[in-house]
Structures are given as C-alpha cells and as structure tokens.
Amino acid sequence: LKFRLAGYPRKHNEGRVEVFYNDEWGTICDDDFTLANAHVLCRHLGFVAATGWAHSAKYGKGVGRIWLDNVNCAGGEKSIGDCKHRGWGNSDCSHEEDAGVICKDERIPGFKDSNVIEVRKLLARVGRWCCPGSRRASCQEPCRGAALPWGSPAWPQSSLNTGRAGCGSGLLSPCRLFTERQQLNYRLHSVSCTGTEVHLSMCAFEFYQGNTSAACGAGMPAVVSCVPGPLFATGNAHKKKQRQQQQGQPRIRLKGGAKVGEGRVEVLKSSEWGTICDDRWNLLSASVVCRELGFGSAKEALTGARMGQGMGPIHMNEVQCLGTEKSLWSCPFKNITQEDCKHTEDAAVRCNIPYMGYENLIRLSGGRSRFEGRVEVAVGAGDGDKLRWGLVCGEGWGTLEAMVACRQLGLGFANHGLQETWYWDASNVTEMVLSGVKCAGHEMSLSHCQHHGTSLNCRNTGTRFAAGVICSETASDLLLHAPLVQETAYIEDRPLHMLYCAAEENCLSSSARLANWPYGHRRLLRFSSQIHNNGRADFRPKAGRHSWVWHECH
C-alpha cells in the first residue's frame, strides 16, 4: 500500500490522507476515525506519531474512490490495511467526509523514501562491520554523516588493504578505535559502495548469519576517521579556511533554517542571490549542496518552500547531480523561465552534521514551557575543572544573541531576547559568569560569540537582570513588496477635515496636532503596498499563514 498527504492549505506533515489501492488513488472516510488510526498512518508516512486528525474534508475534497470507511485501529498496526474496516471500496460517504491527519514533525530513524533518509546514528558502534580489502568508496560512506567535505575519508592507507589496523595520525586514531573494540559481533560484510550513496544503508552489503562473533576471519573491524568541515574545524586549519572564504565569496548558502546545516538553498549568479526550483530535487543533489558547504551528506531533500520562500530570481531548475560533483554548479540543470517555477517551489536541504554537544552547555530555567526561560550556561569545561552553571548578563542582550541561544538549545528560532527576567526567578543559580555577549547571529554556540571572557563587566549583577529567551520552532517572515511601493508612490494635498481617522490612528506627523483643525491641509506621501508572509509560521493573531497574504495601507 502507498499513502500520501494531499490538499491545501497544509504543512508538509499534515493533509488529506490518500491511499493507492488497485492502481487508483482514493481517500478515507472520517466515520469512526480516531487518533489511533492517525498514529498508524503517520508511522507509515515516516513520522514518529500523530498529534491530531481532521474531519469533514478540512484539507479539501478528494477525487476518485473512497477506499476505506469505519476504520478502527488499535494503534500498533504496521499498516492501515491491518485495521478493521468495512472492506476496500465499501463506503456510504461522500468526499465532504474525507479524513486528514496531523503528524508530529519528526521522522522515524531509518525512514527512507526518494527524498528523505533519517538516521540518528551512523552505526551503533564504529567497527561493527567487516572491512576485508575495503575500497575507499566503501569506507567513505560513514563519514558522510559527519561533515566530510567532498566525501574524502582521512583513512590511513595502511589500514585499507592490509590485515592489521593502521595507526595513522587521523582526527580519530583508527588504532585507538580498533583497540577499544572489546566484543566484536559483526553484522555486515562485503560492503560495496560506488561513492555517490548518501548513506551506508544504500550501498550493497551482506548480513552475517549464525555466529557473528566468529565471523570476518579474513578481515578486521572497519574504522573511519573523518575530516571536519570548515564550520567544525579548530585551530590553524579553521583560520586558514576563514582566510580562503574571505578571498572568494561563496556561491551557495542556506537561508531560513533554524538549525545548523538546514535551510533554503540559494546560489549566486551574476552578483545576485537566487533560489532553486524543486523540480526533480532529490537526495543526490541535496548531498552535493551539503558537502559543498562542509557538512555531511543530506538526510532530507525538501520541496515546496519548506524552509520559507525566497526573494528575487530563481536561478536553477531540474538540477540532476550524480553525487560526485564538488559543486552544485557542476551538475546538469535547466535555466529558469518565468512560467516554470514560483517561490512556492523553492528547494531546501537538511544536512547531516557532526555531533558537537553544544546543547549540553546551555539550559533554560523558570519558563512556562521548554521554549522559554532564563539562560544558564556551563563554564569551566575547557580547563579540566568541574562544570559550573551561571547566568548571562542581560546588558546588550538582543535578538541576535537569542538566535544563537535558541539554535544551541535546539529550540528553533528566537521570538524575543530579554534583558530582564525577574519573573523567571525559579533557579538556585545566581552567579553571573558571562557578560558582553555580542553575536553575529550565525554562531553555533554562545561561546563562539564575542564576550568579556573571565573579565566580567556587568553593571547590574542581580538575577533580575539576567538574559532570557523565548524560542519558537517556526517563524513568520513578513516581507514588504518594495517595487510596488516605488511604482505607486505619489504626493497629495488633503484637507484636514478628511484626515480625522488618520490622526486618530497616529498616521500623521506630530506637527499635525498643532494644525488649525478642521481648516487647512496636509501634504501626504501616499502609496500602495503588500506585506507577504513567506515564512513557516502563522502571523498571529489575525489569521493563519495560508489565508493571511497581504494588507493594503491607506
């Protein structure tokens, strides 16, 4: 059975449920529908669970057959076909009763389809697959999820084709990894990759049967050592990469993502940034983008402006990478025409990145939910001292600093950066340990921002003046249609007796209060405008992001 989410308006993890049965797409009736049914459907679609369901064709009426009616699942079934129902095609419903589901926006580890592969850990343990005479293409795959640029493993040559582990000088010594293996229970052998796969599970391999501890007699545990991308490098290598980036402007970037390694793909052409149309967008092309930016392979190729709509031109369409390219510009693609694509089809990616552990050095306290609270940071880890928690001085704390804090916490975007948090006084942590924090907004951790270091300088050291944040998983993005303002702007003289409403709404300059009302006139700059919400969240409190499109100014 195949399932899909359809309808409009909707987000990627919600929609009308459609099932492909007997070579025909159809819908499911909402009679007797339950959350347990939604759980089964969401898991089949690759999401961990359902958060709700919708009745009465909330996402629009479907077409074709209504395949299922009176579905009754216990919640643990592997497929909706295993649940009780009236029988395929036996229904007394109309399409006004089409059921929909709302799934939790979290993928099941190991879930794969043409555009998604979700992997929480590359391997349960490094060294659990046999590497007899391994080739470089096979051994590079595990590194893909650990920010391996261009897919080139830092594997000492002596360990590739010999019977003993090489002890080269890698970032993680293969010798050390080998000696740390106490109980070797091999699961895989004869792993054969071409080098373009985005994950090891997509390579050809064989499972060991029977006694796995006695397997791999002709080989040894496979180990890898990965080269970090520029964002994750340290020391001289990082500085060298920074100098290289300053010399030549990058031609690709990610925008609109809340986390490192995710966002809408934008490319630079003729000194102008533009987006990519999602036609034929897949994991191979997305992985080329990720590796070009110094991340690992792609774990998701996103379509339908899932990371928000871009502005300006759309530079590329139908990108078809082989997976071996070092740059997206080396892949075959079509030039765009105005009729081909709109920004509602902007392509985006989620990349595999190395685990850095930054979220363990920050926490929130006192908030009403896990998305808000006073910021507490851990210091002392670098000197071998025991970690101690402390507060951040609120002086100079703003949205850019809150963006970094929310990103480090893994809580998405910043709604507010607060300089006073007396109303969140619920922790026994009272010591200020960080002051003068000034972030550019792109950093992965507050420790990467400018700050006073050990020389604290905070005028107000009380806990009420500690920094706080309010984070949000999604964000609205309100954009002014600037060309329309330029095209429609004009000067007009208006009598004062026609401007009472404008004065009440504070739309006139302060000098209007001194005018001789209702006599005389005011000279006004008038224009029409549109404000579009191209983001991923509703613009509250008026309406949802799909229905709230634009507003005319007077």
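**View 1. Cys-29 is buried, and Cys-93 is buried too.** Buried here means under 20% relative accessible area, exposed means over 50%, and partly exposed is anything in between (1.4 Å probe, protein chains only). This is a predicted model, where local features need pLDDT of at least 70, side-chain atom pairs count only at pLDDT 80 or more, and totals for chains, interfaces and linings use all residues. Residues are numbered from 1 along each chain as its sequence is written, and side-chain values use heavy atoms, with hydrogens and water left out. Cys-29 and Cys-93 are joined by a disulfide (a pair of cysteine sulfur atoms within 2.5 Å), with their sulfur atoms 2.0 Å apart. The torsion about the S-S bond is about -75°, so this disulfide is left-handed. Cys-29 sits in the loop between β3 (24–28) and α1 (35–44), and Cys-93 in the loop between β5 (65–68) and β6 (100–103), so the link ties together parts that are 64 residues apart in sequence. Helices (H or I, at least four residues) and strands (E, at least two) are DSSP runs, numbered from the N terminus.

**View 2. Here is the disulfide of Cys-73 and Cys-83.** The two sulfur atoms are 2.0 Å apart. Because Cys-73 and Cys-83 both lie in the loop between β5 and β6, this pair ties together parts that are 10 residues apart in sequence. The link is right-handed, with 105° about the S-S bond. Cys-73 and Cys-83 are both buried.

**View 3. Over in the loop between β21 (432–434) and β22 (468–472), we look at Cys-439 and Cys-449.** A disulfide joins this pair, S to S 2.1 Å. With 105° about the S-S bond, the Cys-439 to Cys-449 link is right-handed. Both cysteines lie in that loop, so the pair ties together parts that are 10 residues apart in sequence. Cys-439 and Cys-449 are buried. For the model, the disulfide count comes to 10.

**View 4. Ser-445 is another residue of the loop between β21 and β22.** At 2% relative accessibility, Ser-445 counts as buried. Its side chain makes a polar contact with the side chain of Gln-408, at 3.4 Å. A polar contact is a pair of N or O atoms within 3.5 Å; within protein, one must be able to donate a hydrogen and the other to accept it, and residues adjacent in sequence count only if both atoms are side-chain atoms. Leaving aside neighbours within four places in sequence, Ser-445 is in contact (heavy atoms within 4.5 Å) with Tyr-358, Val-404 and Gln-408.

**View 5. Strand β22 is mostly covered, with 5 of its 5 residues buried.** Gly-468, Ile-470 and Ser-472 point one way from the strand, while Val-469 and Cys-471 point the other way, and all are buried. Two strands pair if DSSP finds at least two bridges between them. β22 pairs with β18 (residues 372–379) in the antiparallel sense over 3 bridges, and Gly-373 stands opposite Val-469 in β22. Strand β20 (residues 413–418) also pairs with β22 in the antiparallel sense, over 5 bridges, with Ala-414 opposite Cys-471.

**View 6. Last stop, Cys-501, an exposed cysteine.** Cys-501 has 54% relative accessibility, so it counts as exposed.
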